[in-house]
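Here are some notes for a colleague who is meeting this structure for the first time. Please read them with the sequence and the model side by side.

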Amino acid sequence: MSTTTTTATGPAQGSGYRAVLGSPHVARLLGGTMIGRLPTGMAPIVILLLVRAEHGPLALAGLLGALYGLASALGQPLLGRLIDRHGQTQVLVPATIAASRARRSCCCRAPARPATQCSPR
């Protein structure tokens, strides 16, 4: 009785990141996706730093960061469903504008800064 082992052959064997990134348009898509997701990852840190800069308690900063994470976890699947139903451009353009305004209003409403410092020069 002989045992033979079968090895997988084809593109999956021995391929790594270089093979995947070498595919057409993958590197550009990955780069755009990473840049587009930076604000989502940085927002909890910004919230923490803003609350601490205004001498707020660390517990409040943590609570606000957790609420942001919860809202993101609940909102992202809904946003994905809207994109599937109505198309990427029709959903993401208003969503991006709304998110940008909300993040900007967060820094403009900080008590130690007058509203004139938030306007572009």
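Does Leu 74 count as buried or exposed, and at what relative accessibility?

1. Leu 74 counts as exposed, because its relative accessibility is 56% and the cut-off for that class is over 50%. The residue is found in helix α3, which covers residues 58-86, and it should be kept in mind throughout that this is a predicted model.

2. Leu 74 also takes part in a nonpolar surface patch of about 540 Å², which is made by this residue together with Leu 60, Leu 63, Leu 64, Leu 67 and Leu 70. For the chain as a whole, the accessible surface comes to about 10100 Å², and 65% of that surface belongs to carbon and sulfur atoms.

3. As for the overall layout, the chain contains 4 helices and 0 strands, so that reading along the sequence gives the pattern α-α-α-α. Of its 121 residues, 9% count as buried, and among the contacts with a separation of 6 or more, 38% are accounted for by residues 24 or more positions apart.

4. Helix α3, to return to it, has 29 residues and reaches 41 Å from its first C-alpha to its last, which is close to the 42 Å expected at 1.5 Å a residue.

5. In contrast to the exposed Leu 74, the residues Ala 61, Gly 65 and Ser 72 of α3 are buried. What covers the buried residues of α3 includes helix α2, and the next point therefore turns to that helix, where α2 spans residues 26-53.

6. Helix α2 has 28 residues, and the distance from its first C-alpha to its last reaches 40 Å, close to the 40 Å expected at 1.5 Å a residue. A kink of about 40° lies within α2 at Ala 43, shortly before the proline Pro 44, and Ala 43 is also one of the buried residues of this helix, the others being Ile 47, Leu 50 and Val 51. Following α2 comes His 55, whose phi is positive and near 65°.

Note on methods:
Residues numbered from 1 in each chain as written. Predicted model: local features only at pLDDT ≥ 70, side-chain atom pairs only at ≥ 80, totals over all residues. Heavy atoms only, no water. Helix = DSSP H or I, 4+ residues; strand = E, 2+ residues; numbered from the N terminus. Expected span 1.5 Å × (residues − 1). Bend = angle between axes of the 7 residues up to and from the residue. Buried < 20%, exposed > 50% of the residue type's maximum accessible area, 1.4 Å probe, protein only. Contact = heavy atoms within 4.5 Å. Areas by Shrake-Rupley, 256 points an atom, 1.4 Å probe, with all protein chains shown as cover. Patch = residues over 30% accessible without salt bridge, like charges linked within 9 Å, V, L, I, M, F, W, Y side chains within 5 Å. Salt bridge = Lys/Arg side-chain N within 4 Å of Asp/Glu carboxyl O.
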